[in-house]
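Biologist: I have a model on the screen and a few things to ask about it. Shall we go through them in turn?

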Amino acid sequence: MKTFVITGLLMVVFISCKKESTITQPLVETIPPTVMVTVKDSGNFMNGPYGSVSGLAKIYKNGAKYQLALENFRSDNGPDLKVYLSKEIQPVNFVNLGSLKSTNGNQLYDIPAGAVLSDYKYALVHCQQYNHLFGYAALKT
Amino acid sequence: MKLLLTILLLFITITTINAQGCSDAGFCSLGVLKTKMDSAKHTISIGANYGAGEEGTSTINPYAEFSYHLNKSWAFQTKITATYANGFLGNKFNLGDVYGFAVYSPKLKGSNILSLLGGVKVPLTSANDKFNGKPLPLDYQSSIGTYDVIAGANYVINKKWELNAGLQVPVIQVNKNTFFPDEFTDARIASFTPTNNFRRKSDALVRVGYYINLPSSSITIKPNLLAIYHLGKDSYENRFGKRTEINNSDGLTLNGGLIITKKFRNNNRFEIVAATPFIVRDVRPDGLTRSAVINLQYSFNF
């Protein structure tokens, strides 16, 4: 009985950790070149301790709003992947831009009004539920 | 039987006219907080309820309940729930919560019956189920991800009037929900509140019911009035990681309900519950609000 319970609990833990939820279909979100103005920094993604992420992170001004673009992007899948702008590599002070739309392709994320962009030096792909960093891009001029 | 059907049809009509509903994290339908206990040594109940929620969201909640009388004074009850939710954001099925509680019934003079209940609710999910990669609001989640302590009392007076009182306090919150409405484009999403890392406040419950016995058909009808007070404002973590109170998420929900029970010769029971609210909280981020609830349950007593 004890073995059965322990095995059951381990299976639940294993299943919950391995649950992958982000869609894998490649996205092709891009800003039309006519409105594309690079206003801040960009940087290439590096792998974090819990995943592999590659591609370029760039911040654009699109009309009145700022957007983070992930270009030629690819990431390992995970249970609860989010895109953050963060002051640190391990997010403590951050802006949550939302759920990672896809593990592949080009994608855009609106940056909420009120975010002081110069404060955030990293773009992160972060598993929120388990607080696991999958990848980060240092944003530089 | 004709009377039973008439009452049921009348109630279904009423419940579909009114809006918003029975709003608590499970204890209004829990054991003696719903109705007095059977006197059998063992009772196994299986049931399901159908609820109509926000913006056409519907939920089906199957559950199983087991009661065991240790002696005339003490009983133990446990319950496991699950939820299938369906709506314009998708559909989801998952296990919900497990309840375990003890019931103490002290010996009283006369025919009055008092039962005291104490127990816990343990969530089986962290309320972060998704559909097509997008986090779903709590309306679609099978649990709200809180470990709760539950205490309550049931008092039956002269076999006619029944009074319930209860308190449900979240003590450990493991809600990992990450829902933000602005990740969706459908206009109906405006009815949903952000619930990223949602934190819920306690509920208090008071119910008054009256038993109408129809001895010739072994049917009991219990109309009841249920008041649930949500004791504080719930909160979520905003885009900047700051905890934010949800205005108007506290306050009173007042429900009318009807419990119809048919007892069979073998001592088994079939129960129909219908409920609808008359007063609701302005904002109901926990997704527990239902415009109408119909519950069917069959109990095996042995």
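This is a predicted model: local features need pLDDT of at least 70, side-chain atom pairs count only at pLDDT 80 or more; totals for chains, interfaces and linings use all residues.

Biologist: Leaving out residues up to four places away in sequence, which residues does Ala127(B) touch?

Modeller: Ala127(B) is placed in the loop between strand E5 (113-123) and strand E6 (130-131) of chain B. With sequence neighbours up to four places away not counted, the residues touched by Ala127(B) are Leu138(B), Gln141(B), Ser143(B), Ile144(B), Gly145(B), Asn175(B), Lys176(B) and Asn177(B).

Biologist: Is Ala127(B) buried or exposed?

Modeller: The cut-off for a buried residue is 20 or more other C-beta atoms within 10 Å. Ala127(B) has 31 other C-beta atoms within 10 Å, so it counts as buried.

Biologist: What separates the C-alpha atoms of Ala127(B) and Tyr140(B)?

Modeller: Along the chain, Ala127(B) and Tyr140(B) are 13 residues apart. The separation of their C-alpha atoms is 8.8 Å.

Biologist: How many residues of chain B are in contact with chain A?

Modeller: On the chain A side, 13 residues take part, and on the chain B side, 14. The chain B side that touches chain A divides into three nonpolar, six polar and five charged residues. The number asked for, for chain B, is 14.

Biologist: In what order do the elements of chain A run from the N terminus?

Modeller: Chain A has one helix and nine strands. From the N terminus on, the order is α-β-β-β-β-β-β-β-β-β.

Key
Residues are numbered from 1 along each chain as its sequence is written. Chains are lettered from A and ligands numbered from 1 in the order in which they are written. Two residues are in contact if their C-beta atoms, placed from the backbone, lie within 7 Å. Ala, Val, Leu, Ile, Met, Phe, Trp, Tyr, Cys and Pro count as nonpolar, Asp, Glu, Lys and Arg as charged, and the others, Gly among them, as polar. Helices (H or I, at least four residues) and strands (E, at least two) are DSSP runs, numbered from the N terminus. A residue is buried if 20 or more other C-beta atoms lie within 10 Å of its own, exposed if 12 or fewer, and partly exposed in between; C-beta atoms are placed from the backbone.
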